[in-house]
Amino acid sequence: MTQPLLDARALTKRYPVGGGKRGAMLHAVDAVDLTIAPGECVGLVGESGCGKSTLVRLLARLIDPTSGNIFLDGADTTAVSQARFVTMPDRARIQVVFQDPSESLNPSFRVFDSIADPLKRLLGVRDRDKLAAQVHRAAELVGLPRELIERYPHQLSGGQRARVGIARAIVVEPSLLILDEPTSALDVSVQAIILRLLADLQARLGMSYLFVSHDLNVVRLLCSRIVVMYLGRVVEVAPTEELFTAPRHPYTRALIASIPDPARRGEARPRLDGSPRSPIDPDPNTCRFYGRCPTGTDRCATAMPELLRFGEGHFAACHFA
Amino acid sequence: MAFLWKRLLGTIPSLLGVIVVTFLLSHALPGDPAAYFAGPAANAASIAEVRTKLGLDQPLPVQFLRYVGDLAHGDLGNSLTTGQAVTTDLLQRLPASLELTFYALVFAVALAIPMGVWAATKPDSLVDHLCRASVSVAAAFPTFFVGLLLVYIFYFLLDIAPEPVGRLNEILYTAPPHVTGAYTLDALIAGDFATFRACLAQLVLPAISLGLFALAPIARITRASMLQALGSDFTRTARAGGLPRGKILITYAFRNALLPVSNVLGMVFSFLLGSNVLIEQVYGWQGIGAYAVTAVLASDYAAVQGFVLMMAVLYVLLNLLVDLLGTVIDPRVRFEA
Amino acid sequence: MSRAATLGRNIGHAFGENRLTLVAVAILLVLLVCAAFGTALAPYDPLMTDSTAKMSPPSGLHLFGTDALGRDILSRVVVAARLDLGMAISAVVLSFVLGLALGAVAGYFGGWADRIIGRLMDTIMAFPLFVLAMGIVAALGNSVLNIILATMIINLPFYCRFARGEVNVRREMGYVEAARMGGNRALPVLVNHIIPNILPAMMVQASLNMGWAILNAAGLSFIGLGVRPPTPEWGIMVSEGASFIISGEWWTFVFPGAALVLAVFCFNLLGDGLRDLLDPRRRV
Amino acid sequence: MTAQLTIEDFSLVFRTRHGTVRALEDVSLSVERGEIVGVVGESGSGKSVLAYAVMGLQDAAARVQGGRILFGGLDMLGAGEQALADVRGRELAMIFQSPRTALNPIRKVGAQIEDILREHANLPSRELRKHAIAALARVRIPDPERRYNAYPFELSGGMCQRVMIAMALACSPFLLIADEPTTGLDVTTQAVIMDLIRDMSRDQRMSTLLITHDLGLAGEYCDRIAVMHAGHMVEIAPVEELLSRPAHPYTRQLLAATPTPRSTVEGLVSIPGQLPDLRRDLPPCRFSARCERHVALCDEAPLPWTSLSATHLVRCRVPL
């Protein structure tokens, strides 16, 4: 097997909460393992509050993990703090496209400056002509018309802003592009354009993608493998088709059953009711899904299920998978 | 009850900060306090004696402990001008200031809240514009200038207000027997309505001058938060539920609008207590503000420090009250504790 | 369309719609001219006493009348603009800069820096602010410089808290995280990406705060702190005139008081106008 | 069947500082007893404006330009504020998106339901609490007695939406308007809430108008779907027919742009161009500038409705 591009091991992030209960910790991300091969496109799904955003920020080295390591081409990036990582050459290799295009661009920067800033900072491009050439090339790649380059974000439409956000991320030619719900704020007609653009870019530039979304229908379009998170933990990893046809974890099943689908009108499908357990100081010996799970038994309350292999690239963390 | 205790404990850092600052102020005095306290006729020996007596030769932390120890005994030192203990002086004059501030606050709130609500229910109407204009104008007038203008107009020109000689014209009336220290209240307790009216008459102009400056922020925030509440999603829900207008206006909009209003009350108290000093000066009011001004001008440091400390403690307590009011209005605050 | 043109249109809009703001700006310019060239503009020497013209009411000779020492009140009011506006502007500028710096650090880094700065500001806010200013001037000594310092200190929490809040909100926004992804260290993120975007709102705060700073400085001199007679200053002039109310010589306190009101009112109007300009709901 | 709600040639504009926005033009739609009708469109299509207009809750800047809205026998546009308030909450109810902010944050949810009951249900005061708890129980809120005393901030988003539904259905209305009721909720919660809305309307023979941007969602839960584009209603048809044989070019493209469990990224169609600026002069067909089937006839006003069948209407000169 080739060396993965990104290899996260036992990644954990905890936040202290509120003064009252001294020492209480919010377990945002709990011992997550994740690998992404070069040129691979991995999807990450889960409900809000499941730790997707925290995991994205950890992998992007915007925050430091409480414990665990992130290897990039075998080199441990977590050996230095994120404050120092900012100036390392590897910084350019992981970039993020952020969720809301309207707040992911600096309102006082022109499009040109937004795209040029990482070039100057990360690659040290100073020469004006070279800078302009690279900015224009990135803009062209994302299909941004030339006349928009000198505009401010508030003069652009949502779709155009999304393109600028992508251009800014790919201009430094990253190896891994993390897409954090890149289309959730867009209308479907614009979403379709952006999704096609992303597929096209990946084919042309050969980057790896980590595509984060709450919409399984969107994730499956681009990704060959999908990671499902629940309350800070990975509960299932599987190749896309297999995840949809043979989901192992009860949460994944409920998630798939919840996708609105006119083809299955009126069918009685399993519903997932209630709300997740508290992420604050959860019992390490209880499955996080216990209590909401349709199949949970006493065993789930006393032993945390581990991720077990169920086939080629298919893992699930459930005693009854 | 848990949140009550939490709030009470929460004032401790503030009080501590206040004590440290007043201590630092007294030790940032230019020149030698010992020489100052020893008086003009002192020689080197007597100054040294005073220094030892006051503990000024000790290191700062020791002096601080001593300062805190004195405070714990209610000892704020002696005033040079009155010759009495500063604590006695201040406590004697405090009711006068509190009474004035209270009436000013009542005046401001009673006028500002209906004004703000009215303006918000008719945005961009004449009423709204008049409200905003008058509020802006009121905010621009220095309290001391308003005080003087009112005296000039209502006392000198129109002669309908009593002479600004403080709480009571003692040539015509005698002060009511001391119970609470607030003259209007004491006069009522004594059943002396003539004195009560006289006290009230004396209070009208200073209370209005003082209250006018508090009017603007309260009216402004009432209008703004009322507008916000009326435009909020939950007001829309109430309308979609076909609730009557009065219910929407009061139970839904106004109760929510009160939250930001109670939040600016802290700032309003800061204004009121500060401006109190100026108004007492203008009206010859025998409160702690006027006392402080005299002390400042006479370089009576112990009195000034005592005054600053007392005002700060008063302010911290008032803020605590506002905080508790907030918890009554907003369940979210209660549950945080 | 360039951003400058958009801004220009917005400014035109705000002023066109709100003539009052324009008037306020014009009056402020006049006051600033008085502050800059007061001595040259004033018809008389503001300190010159004239025993033949004590307490003369406003007339063609003395538009604002004269005071108890026969000094021309108009000249004194005009010349005082420099001191009054000077004290307020320097105090506001100081607290703006210091408050922005402290607030930005507290808001961006959080942690213990935030706790220390927050505690410091809480301590200042624990006092009724005018009372604290009195205490500071009384302790540090009776001088104009100390009035500025005291006014600066009591205004500091407003700027610090405002900046902290604004920075804190932006810290997690996409464009700031993108700037960090793009290789910006903490300082460039703050200076290039965050602060330029909060400056406009801070300026509005400053212009709204200016009137209050003027009132504070004038209030301190009214009770006899800081400025000493015979220096012309609005607060102290009102205070000097106060003793003549009972005898009806209104001009001695009305004109300097009116100057104060005018200055404060105009700054408040300017602040309101600027706020409308920035308000996203009105900008569309 | 009798129509519970009839909207006929309804037009509405917003007067703004920057010109008059022609938000809705000649919109017609009817909702039968017990029917679930979806109004689908992208942002800016006017679907929410329509919902608010039906409730009589439109913005102060809105001006009705023409048409009628009939609810039962009541002319909603001509009715006074008092008549509207009588109907709202009792016969006509609405639920909103972002349920957390749509509930009064400082009032117990039980009290908020009681407010509605007190106003419309004609119950003695001591019965209110019992009925409020029953309303909570009806929307399958576990432990309703305890939830009665909860404040909105103590409940999850999904739970708040159930409270909203309980409030809306407290007086068994004839028509429920649901404006993007599941936007911002997780997909699992969305399914639960939508099932609930469907079951409640089936059980009580209540008509439902579902406003959504999600064709998939409307496709699963509605009987009929109306598609809106730039303030026009462009197509109305029963669900199966609309999804399998869309007649309006916009509907077809919208369908092709919406990812389903069977779509591929190559198969995704993107709709060229943008929504027209509703403040400008507009052609009779507001989709014409984006339409590949555009012919000269399209620019001739007025744009008629074409009936493809008794139930399938399309507003296009050259339907598919």
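Predicted model: local features only at pLDDT ≥ 70, side-chain atom pairs only at ≥ 80, totals over all residues.
**The sheets of chains A and D**

Zoom out and you find an open sheet of four strands in chain A, ordered S2-S1-S4-S5, with antiparallel pairing. Strand S2 (25–36) and strand S5 (75–76) of chain A sit at the edges with a single partner strand each, so one side of each has no neighbour in the sheet.

Now look at chain D. There, too, four strands make an open, antiparallel sheet, in the order S2-S1-S4-S5. Its edges are strand S2 (19–32) and strand S5 (74–75) of chain D; each has a single partner strand, so each keeps one side without a neighbour in the sheet. Strand S1 (residues 3–16) and strand S4 (residues 62–71) of chain D are antiparallel and share eight bridges. Within that pairing, Ser11(D) has Gly66(D) in S4(D) as its bridge partner.

**A covered strand in chain D**

Five of the five residues of S7(D) are buried. In a regular strand, side chains alternate between the two faces of the sheet. Here both faces are covered: Leu175(D), Ile177(D) and Asp179(D) are buried on one side, Leu176(D) and Ala178(D) on the other.

What does S7(D) pair with? Strand S6 (residues 92–95) of chain D runs parallel to S7(D) and is joined to it by four bridges, with Leu92(D) as the bridge partner of Leu175(D). Strand S8 (residues 207–212) of chain D also pairs with S7(D) in the parallel sense, this time over five bridges. In S8(D), Ile211(D) stands opposite Asp179(D), one of the buried residues of S7(D).

**Chain C and its two partners**

The size of an interface is often given as the accessible area lost when the parts come together.

| Item | Value |
|---|---|
| Area buried, chain A and chain C | about 2,100 Å², 52% of it on carbon and sulfur atoms |
| Area buried, chain C and chain B | about 3,700 Å², 81% of it on carbon and sulfur atoms |
| Salt bridge Glu177(C) with Arg57(A) | closest N and O atoms 2.8 Å apart |
| Salt bridge Arg220(B) with Asp272(C) | closest N and O atoms 3.5 Å apart |

Start with the A side. In this interface, 26 residues of chain A are in contact with 20 residues of chain C. Leu62(A), Glu103(A) and Arg121(A) together supply 25% of the area chain A buries against chain C, more than any other three residues. The count of salt bridges between chain A and chain C is one, and there are 12 residue pairs in polar contact across the interface. Strand S6 (94–97) and helix H3 (111–123) of chain A each give at least two residues to the side that touches chain C, with H3(A) making the largest share, four residues. By class, that side of chain A has 12 nonpolar, eight polar and six charged residues.

The salt bridge to Arg57(A) comes from Glu177(C), which is one of the buried residues of H7(C). That helix (residues 174–181) has eight of its eight residues buried, so it is largely enclosed by the rest of the structure. Following H7(C) is Gly183(C), with a positive phi near 90°.

Over on the B side, 43 residues of chain C are in contact with 46 residues of chain B. Two residue pairs are in polar contact between chain C and chain B. Several helices of chain C each bring at least two residues to the side that touches chain B, among them H4 (111–125), H8 (186–222) and H10 (251–278). H10(C) has the largest share, 11 residues. That side of chain C divides into 31 nonpolar, nine polar and three charged residues.

**A stop in chain B**

Leu8(B) lies in helix H1 (residues 2–27) of chain B. Is Leu8(B) buried or partly exposed? Partly exposed, with a relative accessible area of 35%.

Definitions and conventions:
Residues numbered from 1 in each chain as written. Chains lettered and ligands numbered in written order. Heavy atoms only, no water. Buried < 20%, exposed > 50% of the residue type's maximum accessible area, 1.4 Å probe, protein only. Contact = heavy atoms within 4.5 Å. Buried area = accessible area lost by both parts, 1.4 Å probe. Salt bridge = Lys/Arg side-chain N within 4 Å of Asp/Glu carboxyl O. Polar contact = N/O pair within 3.5 Å; in protein donor to acceptor, adjacent residues only side chain to side chain. Nonpolar A, V, L, I, M, F, W, Y, C, P; charged D, E, K, R; others polar. Pairing = 2+ DSSP bridges.
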